[in-house]
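Here are my notes on this one, as numbered points. Have the model open while you read.

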Amino acid sequence: MSASKRNFIFVGFDNDLHVSGKEVTGVVVAVIQTALPAQRVRILWSGRESVSWQDGVAQNRNCSAERLIFEEETTLLTFDDKVLQPGTHTFPFRWQLPSSLPGSFEESESSSSWVIPENGLVPRSIHKERSFIRYTALAQVEAIGAPSLESRSILRVSESFNPKLIGQPAKEFDGSKSFLLGGSGELVAKVSLSNGGVLFRGQKIILNLKLYNHTSRAVDKVILWLNSFTTFQTNNEDQILTRRDAIFAADVPTSFVGGGMNLNRDIAVDVPPMTPASLRRGKFIQRHFELTVEVCVTMGSNLLLKAPVLILEWSPMLAGLFPNTQPQHPHPVSSGSSSSSSSTSNPAPAPEAKPPARVAQQPPTSPPKAE
């Protein structure tokens with residue numbers, strides 16, 4: 001960090017998180033105790049994306065790729081007298097990040113992971129080296145006839161917000177299932193996800209769940225799963241892998257839904273604040289999310305409903321633009337929101353929606369089982 005025991009510099013940013021296309025502001029501080037011959041103070045900005053892994057199955061082949069996203073320089077001050085006098089010197093800066101940047105990404109130096117190959121084969125073990133999307137600011141007092149003073153800082157960058165996401169209609173998805181020994185009818189599930197499936201770290205998922213059970217089987221519980229899928233690839237189309245991580249699993253407090261019964265329930269569940277954001281603009285690294293509603297059936301295979309969702313960084317400025325990130329009635333809802341129906345071809349209208357049910361999350365154990 002320092003080129004002299006007496007002189008050093010450091011960088012302070014006004015914000016911990018920086019948005020692609022927006023300004024980065026802060027100050028460079030130089031603490032000089034002995035006069036330093038110098039030409040100027042500058043910041044070298046750069047962004048890099050890199051992936052690297054070793055596939056233990058495919059003849060231990062090494063897969064890697066790297067690119068320079070951008071590299072720019074900002075001169076804060078040039079010294080006319082070619083010397084930086086003793087004292088504490090501050091150099092404010094204001095610099096605009098390039099637009100359309102991918103969000104920051106950092107992964108451990110090496111690990112063994114089970115991955116899901118794109119071709120759907122049995123998962124295999126991968127030895128991973130460090131993969132990253134990293135943005136740095138190298139502050140420098142360019143000295144004359146001596147080593148320069150330098151301080152390197154990492155910027156945490158999020159992808160820019162797309163205004164087209166505001167006012168999106170609810171994302172709706174549904175599914176049905178029949179059973180060999182469950183009568184002639186079907187179990188039908190319909191989900192309506194607020195804000196068009198746009199979610200935020202540390203905020204609420206608000207959804208409405210409707211069940212129409214026209215079978216003789218019973219629904220004993222519903223589980224919400226949020227999974228992330230991180231894809232690593234190189235310039236070689238054959239070198240690609242996807243890792244699935246379970247973000248959370250949450251039991252939905254529903255009442256017993258027996259044969260011929262309906263359910264209409266609003267649900268609110270927290271997105272953990274440490275959930276990573278979606279990555280859509282990386283060339284070699286991308287991350288997307290999938291919300292799964294698992295309808296658990298007694299003595300039968302479960303009904304799975306899946307929909308892609310987008311997870312973004314939260315800002316208080318978005319509260320008025322996305323009002324459905326907080327439930328209107330945050331109190332728990334007691335069970336008993338089901339009603340019976342004798343019809344199998346024309347389900348009875350679902351009862352009036354209740355206040356959102358607060359969902360207790362539990363540590364994810366394993367992804368939902370396949371049908």
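Which residues are linked with Arg42 in a network of salt bridges?

1. Ground rules. This is a predicted model, so local features need pLDDT of at least 70 and side-chain atom pairs count only at pLDDT 80 or more, while totals for chains, interfaces and linings use all residues. Residues are numbered from 1 along each chain as its sequence is written, and side-chain values use heavy atoms, with hydrogens and water left out.

2. The overall picture. The protein chain has 0 helices and 24 strands; both are DSSP runs numbered from the N terminus, helices being H or I with at least four residues and strands E with at least two. Of the 371 residues, 49% are buried (buried is under 20% relative accessible area, exposed over 50%, partly exposed in between, with a 1.4 Å probe and protein chains only). The chain exposes about 18100 Å², and carbon and sulfur atoms supply 50% of that; areas come from the Shrake-Rupley method with a 1.4 Å probe, and for residues only the protein chains shown count as cover. Take the contacts between residues at least 6 apart in sequence: 73% of them join residues at least 24 apart, where contact means heavy atoms within 4.5 Å.

3. Strand 3 (residues 23–32) and strand 7 run antiparallel and are joined by 10 bridges.

4. Two nonpolar cores. A nonpolar core here is a set of buried Ala, Val, Leu, Ile, Met, Phe, Trp, Tyr and Cys residues joined through side-chain atoms within 4.5 Å. The largest has 39 residues, and Val28, Trp45, Phe70, Leu84, Tyr135, Val141 and Ile285 have the most contacts inside it. Elements giving two or more residues to this core include strand 1, strand 3, strand 7 and strand 12 (149–158). Its largest share, 7 residues, comes from strand 4. A second, separate core has 35 residues, among them Leu187, Leu263, Val293 and Val297. In soluble globular proteins, nonpolar side chains tend to be buried together.

5. Salt bridges, and the opening question. The structure holds 13 of them, a salt bridge being a side-chain nitrogen of Lys or Arg within 4 Å of a carboxyl oxygen of Asp or Glu. The network links Arg42 with Arg40, Glu73 and Glu142. Within it, the side chains of Glu73 and Arg42 meet at 3.2 Å, N to O. That pair joins distant parts of the chain, with Glu73 in strand 5 and Arg42 in strand 4, 31 residues apart. Glu73 is partly exposed at 40% relative accessibility, whereas Arg42 is buried at 14%.

6. Two further pairs. Glu106 and Arg134 form a salt bridge at 2.8 Å, N to O. Glu106 belongs to strand 8 and Arg134 to strand 11, 28 residues apart. Glu106 has a relative accessible area of 42% and so counts as partly exposed; Arg134, at 21%, is also partly exposed. The side chains of Asp245 and Arg243 meet at 2.9 Å, N to O. Asp245 is partly exposed at 28%, while Arg243 is buried at 15%.

7. Backbone spots to check. Ser100 is not a glycine, yet has a positive phi of about 60 degrees. Ser100 lies in the loop between strand 7 and strand 8 (105–106) and is exposed, at 52% relative accessibility. Asn195, not a glycine either, also has a positive phi of about 60 degrees. Asn195 sits in the loop between strand 14 (187–193) and strand 15 (198–200). Is Asn195 buried or exposed? Buried, because its relative accessibility is 10%.

Methods
Two strands pair if DSSP finds at least two bridges between them.
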